[in-house]
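Please find below a colleague's note on the two-chain model under review. The comments are set out as numbered points.

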Amino acid sequence: MKHRFVLSMLLAIAASAANKEVPRASDGKPDLTGVWQGGTTRRGNWEEANSGLGVGGTGRDPSAPANISPTAAQPDHEPAPYQPWAAKKVLESFNKRGIDDPAAYCLPPGLPRMAILGLFPVQIVQTPEQIVILYEYMNAFRVIPVNAKHAEDMAPTYLGDSVAHWEGDTLVVDMIGFNDKTWLMSTGTFHSDALHMTERYTRVDKDRINYEATMEDPKVLTKPWTVHSTMMLREGTRVQEYICAENNLDPGRYENLLKNGINFQR
Amino acid sequence: MIRTAWTAGILFAAAIPAIAHHSFGAEYDSNKPVTLTGTITKIEWTNPHSHFFVDVKDDKGNVANWKFEGYPPSVLSRTGWKRDLTMKVGDTVTVFGWRSRDGTNWAHSREVTFADGRKLFFGPPAGTGDGGTTPAADVK
């Protein structure tokens, strides 16, 4: 009886170890393919990982569940290293409660913001030649060639131009060619068209990708700014359509607040 | 007990960042919570936000139509909502949320309680997406 118990324990441990192994693609690289939820370390499917409190929130209101939003400054992140004039501009957006957020106008919110928010899933499709990332939020996508050079005649874009290469088991994505119309992380974190971003995706076990983004912008920041997050596998979740412009009432409401002098500032 | 729940909330907070389409605080006032019971008159499953409308009767029998805003359809489906099944025109519901700053019968909805006692979230908590308590950058 005792032996049977020990055996079943060993089998359970072996099964859970196997379950945590990093899946590999046919070329031997870690396979990032899957549907992921950013900004969380909870394992399980979408329902299991988000049951109870739901998603959203900042925790400022004690009557509501406390989930921090990436539009709030993250306690485990260093303050964004903005140049003094630029920090003032960040504060202005904060004081206006982010009514100038590109997302409120249905424009792409920006990276790494979109990669690590928890409300919408992100799907990664990996082949040896390219990585495709599909963001449900704003129906956005990135097609990232592997071992390629940046295009020479790039026009500035919302999500920039991405090229990737592998450093061991980490996918490194180099990004340039951004316009200056998105936010990097929390409210007001603007950038210039000189932005250079490096993302690192490391699948550390079956369920988890460690995500890191380093932002360099000599026109706006004093030094490189690195943020860390995680993406958790959500088996069974589908990326769905999100057509933001369908019924976006927010710009009109902001106009109304300003026109009627309704105080919404901090 | 309250303290334990709050501590658990903080731990959870560090684990799950999430944002909504727009700032909660610009349009809604977290100091004006509202709980209303009434009859569903219309449901809009639209992006970037879904809405439903509720006829609410006051003590004198006057009826006012309230508009509640919440998650987009994809998030509602992952939160347990089934379109045309979970909530229908004519159903009686109780809604908890926060009032709009413009003073109209418009509110952000958090939780809907159905006649049989079931509860589902229709929107995120107060404060979602409005920048938190401190700005991202230190202003010297």
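The points below take confidence first, then chain A, then chain B.

1. Basis of the note. This is a predicted model, in which local features need pLDDT of at least 70, side-chain atom pairs count only at pLDDT 80 or more, and totals for chains, interfaces and linings use all residues. Residues are numbered from 1 along each chain as its sequence is written, while chains are lettered from A and ligands numbered from 1 in the order in which they are written.

2. Confidence. The model scores ipTM 0.86 and pTM 0.87. For chain B the mean pLDDT (the predictor's confidence in each residue, from 0 to 100) is 85, with 86% of its residues at 70 or more. Within chain B, confidence is highest in S2(B), at 98, and lowest in helix H1 (residues 2-15), at a mean of 35. The pLDDT is below 50 over residues 1-18 of chain B, a stretch that has 39 contacts in the model beyond near neighbours in sequence; two residues are in contact if their C-beta atoms, placed from the backbone, lie within 7 Å. Where pLDDT is low, the predicted coordinates should not be read in detail.

3. Chain A, overall. Chain A has five helices and nine strands; these are DSSP runs numbered from the N terminus, helices being H or I with at least four residues and strands E with at least two. Along the sequence the pattern is α-β-α-α-α-β-β-β-β-β-β-β-β-α. Of its 266 residues, 42% count as buried, where a residue is buried if 20 or more other C-beta atoms lie within 10 Å of its own, exposed if 12 or fewer, and partly exposed in between, with C-beta atoms placed from the backbone. Among contacts in chain A with a separation of 6 or more, 57% come from residues 24 or more positions apart.

4. The sheet of chain A. Nine strands form an open sheet in the order S4-S3-S2-S1-S9-S8-S7-S6-S5, with antiparallel pairing; strands pair if DSSP finds at least two bridges between them. Strand S4 (140-145) and S5 of chain A are at the edges with a single partner strand each, so one side of each is left without a neighbour in the sheet. On average, neighbouring strands of this sheet are turned by 25 degrees against each other, direction ignored.

5. Two strand pairs in chain A. Strands S5 (residues 161-167) and S6 (residues 170-176) of chain A run antiparallel and are joined by seven bridges, with Ala164(A) opposite Val173(A) in S6(A). Their hairpin has two residues between the strands, and Gly168(A) takes a positive phi near 65 degrees there. Strands S7 (residues 196-205) and S8 (residues 208-216) of chain A pair in the antiparallel sense over nine bridges; Glu199(A) has Ala213(A) in S8(A) as its bridge partner.

6. Helix H3(A). Which residues of H3(A) are buried? They are Ala86(A), Ala87(A), Val90(A), Ser93(A) and Phe94(A). Seen down the axis of H3(A), these fall within an arc of 115 degrees, so they line one face of the helix; the arc is that of the directions from the helix axis to the C-beta atoms. The face turned away from the buried side carries the exposed residues Pro84(A) and Trp85(A). Arg97(A), which follows H3(A), has a positive phi near 55 degrees.

7. Helix H5(A). In helix H5 (residues 250-259) of chain A, the buried residues are Asp250(A), Arg253(A) and Tyr254(A). Viewed down the axis of H5(A), they fall within an arc of 100 degrees, so they line one face of the helix. These buried residues pack against helix H2 (24-27) of chain B. On the other side of H5(A), Gly252(A), Glu255(A) and Lys259(A) are exposed.

8. Chain B. Chain B has three helices and six strands, running α-α-β-β-β-α-β-β-β from the N terminus on. Of its 140 residues, 42% count as buried. Strand S1 (residues 28-44) of chain B pairs in the antiparallel sense with S4 (residues 92-100) of chain B over eight bridges. S1(B) also runs antiparallel to S2 (residues 50-57) of chain B, with five bridges joining them, and these two strands form a hairpin with five residues between them. Thr39(B) has Thr92(B) as its bridge partner in S4(B) and Asp55(B) as its bridge partner in S2(B).

Note on methods. Axes fitted to C-alpha atoms, helices over the stretch in contact; angles between N-to-C directions.
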